[in-house]
Amino acid sequence: MDATYYTSYSDAATSAGNDDILLPAATVKQNGTTQYVIGIPKKTPRVLENLSVSWRTARIPPAPSNASLKGPVATQAHQKFKGANSTQTLSVSPYSSSDSIFPQTWYIGDPSTVRSLGVTGGYIIETSPDESDSSTRSLDVGTVSPSVYQYFTVGMEEVLYLLGFATIGGSILTLIIVYNITRMSVRDRLQAIEVIRSTGGNPRQIYTIFGVRAGLLTATGIALGYALGVILTRVVINIAISVGLPISLDPTVTPQVLKIILPSLFLLFLVGIGAGILAVRPAIITPPARLQQAFNSIADREIGNGLKSDVVEFADTTILEWRAFLPATTVLTIFVLIIILVGALVGTLAPLAATEGGTVTEPNAEYPMASRIDTGYADLLRNQGVTASPEILIAQVRNGQPYLARGANYSSFAAVSNATLTAGRTPNTKHEAVIGRDLAQTLNINLGERITLGGATSPAFTHVTVVGTFKAKGIQDDQLIVPLASAHDLSTKPGIVHFIRTDGTGTQLTDSTQTRANKIAISGVSAPSSTVAGQPLSVNISVQNLGQTRQTREVIASIGNTTRSRTVTLDQNEQRDVTINLTVQNLGNHTLRVGTYSQQVTVYRRAPFAIPPLPETAPPNAKMMIPVQTVNGDNVSAATVQIDNHTNQTTQNGLAMVRMPDQEGVYNLTIQKGDRVNTSQIRVTADAVPQPIATVDVSPKTAGVFTQPTASVTLVNPWDRTITREIAFVTPAKTITQTITLEPFGMAEQSMEFGDTTEKTMPGKYPVQVVSNGEQLSSVTYTVHGDDRLFSTLSHDTQYSRGSGLGQAIKGVFGNFDLLLLTMAVLAGMTAIGGTTATFAQAVHARRRTVGVYRATGATRWQVLRPLLADVFRISIPAISIALIAGLTTVRVLSHFGLFTIFGFRLSTQIPLSTIALAVGSALVLMCLSAIIAAVPYLYAPPAVVQKGNDSKTQTRIGENKKMTSESRYNSVRHPPKYGDD
């Protein structure tokens, strides 16, 4: 599924394909807060089967039939909305299913309702990309959901793209190595080539011979290099495992790996053949009479007493020639670039591997996004003085670019990440976010822009507006930080996170059991969700002694500025309920707190009406009893109940009997007493099936993880006829179905316990529903908090490790990342040695007579090697300088064009001086080592052989047989004489 938001609905309509779902959207104000309304066309599919997963259905909720909107309300209600075009009071019904691709804080209606409020944009939902319809819109536009697979797929494409530069570098090295080796072979066979050219030989045959030789040489090198790479990798992994280092990479060469390796190796093979042809080309295009002059343009120098001279020009080389400068610089540029790339990875990922922080995860979770732990653990850690941040990782792919979103409270995230806000402000609502400075550059996002987010493993999407920019170390500022409430819409359910990051202070995680095992635990809290100013608010608190001895605890309850306490003494394993009465004078919303429990309580000047969920439909002329109560549960007498022209008043019991209209249609049902008014809608239709009125209550409404709540259900038949219905009582633990018969205006009550005192219920919000014939009659939500018993098992139920959550993810994918980077650097060094050795070998081979003179005049091996190393230093200083500049420039260019990014993480271009010093020092050592390796054959061969070389032998053979046939001439090129042949 691809979700794309357009600020203009007309642009969305123009961009939508034939199979896309086009949804108008309106941004409105409701009760002073910004809300979002989505219009669902009638022909929109209700379920996207190809996108649904076992844990979440990809459901598009339809517009309600009994209200104008569907939204975040417990029961049907009327709310005022201020849109771009008008301000309207609309009826809102609750969602009937928890599965939805939209957040259930959004409102759902039909397109006409959205247009009446004022369309401010539009969404395109692409459910099945069709290449035949790609003319209207690029497939790289939009946010993917579920996105975790695409995140890793596109991210690996970015990695392979960077590795493509390594392939290019390898091709250049192959070109240099094969060229230099073939060049030496051409020089050894120069006399034979001259004879062939002078006697009318075909140049194409010479090209073929040297091309085939170069191809065979390259193929042999590829085979040996492949074998060496596999062997070395396995040796490194085996050594790492033997010393206890974590290694997760599998060195097995699979068919998928071969699909990547074989094209690269074939490219290297072609480059090798081309290098052989290039090496012999000068001998083909140069006239035969000038071959010796062209290939030996620099005459051997007489040494004389040069070994004893201490004053020479710095740029004047003795053995090597400056023509080795260009290939050496090329090899060093590739080597330095690899070292810089490794340094960039280290600089970017090093903060993740730091051990000053820690991560709390679910035990044995394979990777961070597979972990599920209670958010309440963070409160425990904070109470113990540990800075903690509960977080959720959400992999994203936006417009073809992978990146990482993180659900977290920004202040908590900043505290454990050392992040600093550089622009804007922190989020105030669930639809606001802050973005890292590097990610903002990668995505080209500015303050005030809206970003659509998709679920990583679930088919869902939402959006946030960027209100701030922050900076942090490493890849921490390559992320989008969204509120946990938004992350819950896309990932885990409320109360659950992937992991908790800490600042690593203290050792409280290991001693939490000892410090809490002998305390009285608060296992549940129950209190009304509303009260009247000045009247007592009764808070019922369940407590239990978890210790092995008699214990005493002070239980404190607070709301607003009011605090009350009770001292409780319990014997071993004793449980008790205590009540604390609180009084609040200030109107509005307040938070009730008891220990780690919290609950919102609304304080009214006068208790408003609380009408139970009434049937959505009614038969014509039927009599229905309407119960009227306040939110406190008090019956309301003398209230006027009116539907169409039928009016009645409630009795002392708060009941009023009204007759339904005799004509079909949708009618307003109005209940009024004084300035208190409640309005709902009822559809009158002959097809209506009379349903009972149901109310359900859960006690306690706020429970602990081991508490067994009780659900109390009341069924009332409001009709003037007997009804028999199959009623389902749906709880998180079980569903009970009963067939119930209710007499006219009759009532039935049912209570049940659910949950298990021996099994832990994960913290979160859980619904309890009453359903009849698939229609929800009533629903209530109760909250499970992590109580002291849960916290006391923190060290048993979680796993604590040093480093960040992303650091653990990197270890899970790569194992010991430092070892991996070290292996890459070593392999790069070995490759560079091969390239520079070939370059220097060709240069020394060209000056072998000079080396022979040194040896013949009595110079020791060190006296021969010393001027060679001096030449290496002369060439290395400018070569390394240019290589360093070229490497740093390449990195800057890649970063400028957005190519220095993997998985949305922008690699650092601020290369530390230590990395630069390492690159320079390593390059100099490699140059010297390569020169020594290239000179070894000439240092240990007899001086006469070194000075005489193959040229003389070739010349002798040519002189002996001036009339060789064409076939013998080519054989002399294929098989040159060896040293010592007579």
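This is a predicted model: local features need pLDDT of at least 70, side-chain atom pairs count only at pLDDT 80 or more; totals for chains, interfaces and linings use all residues.
1. Helix α18 covers residues 848-856 and helix α20 covers residues 913-940. Their axes sit 10 Å apart, and the packing angle is about 50°. That angle makes α18 oblique to α20, since neither the roughly parallel class (under 35 degrees) nor the roughly perpendicular one (65 to 115) takes it in. As for handedness, the crossing of α18 past α20 is right-handed.

2. Which residues make that contact? From α18 come Arg848, Val851 and Arg855, and they meet Tyr938, Leu939 and Tyr940 of α20. Sorted by class, the contact of α18 with α20 holds four nonpolar residues, two charged ones and no polar ones.

3. Now the salt bridges. The count for the model is nine, and one of them joins the side chains of Glu391 and Arg406, with N to O at 2.3 Å. Glu391 belongs to strand β12 (residues 388-398) and Arg406 to strand β13 (residues 401-407), so this pair ties together parts that are 15 residues apart in sequence. Are these two residues buried or exposed? Both Glu391 and Arg406 are buried.

4. Glu391 has another partner. Its salt bridge with Arg501 has the closest N and O atoms 2.9 Å apart. Here the link is between distant parts of the chain, from Glu391 in strand β12 to Arg501 in strand β20 (residues 499-502), 110 residues apart. The relative accessible area is 0% for Glu391 and 4% for Arg501, so both count as buried, the cut-off being under 20%.

5. Compare that with the salt bridge between the side chains of Asp571 and Arg550, at 2.4 Å from N to O. This pair also links distant parts of the chain, 21 residues apart, but through loops: Asp571 lies in the loop between β25 (562-570) and β26 (575-583), and Arg550 in the loop between β23 (536-545) and β24 (551-559).

6. The buried ones are Tyr410, Ser412, Phe413, Ala414, Val416 and Ser417.

7. Finally, the whole chain. How many helices and strands does the chain have? The secondary structure comes to 22 helices and 46 strands. Of the 982 residues in the chain, 49% are buried. Taking contacts between residues at least 6 apart in sequence, 73% of them join residues at least 24 apart.

Technical notes. Residues are numbered from 1 along each chain as its sequence is written. Side-chain values use heavy atoms; hydrogens and water are left out. A salt bridge is a side-chain nitrogen of Lys or Arg within 4 Å of a carboxyl oxygen of Asp or Glu. Helices (H or I, at least four residues) and strands (E, at least two) are DSSP runs, numbered from the N terminus. Buried means under 20% relative accessible area, exposed over 50%, partly exposed in between (1.4 Å probe, protein chains only). Axes are lines fitted to C-alpha atoms, for helices over the stretch in contact, and angles run from 0 to 180 degrees between N-to-C directions. Angles under 35 degrees count as roughly parallel, over 145 as roughly antiparallel, 65 to 115 as roughly perpendicular and the rest as oblique. A crossing is left-handed if the near helix is turned anticlockwise from the far one by less than a right angle, and right-handed if clockwise. Contact means heavy atoms within 4.5 Å. Ala, Val, Leu, Ile, Met, Phe, Trp, Tyr, Cys and Pro count as nonpolar, Asp, Glu, Lys and Arg as charged, and the others, Gly among them, as polar.
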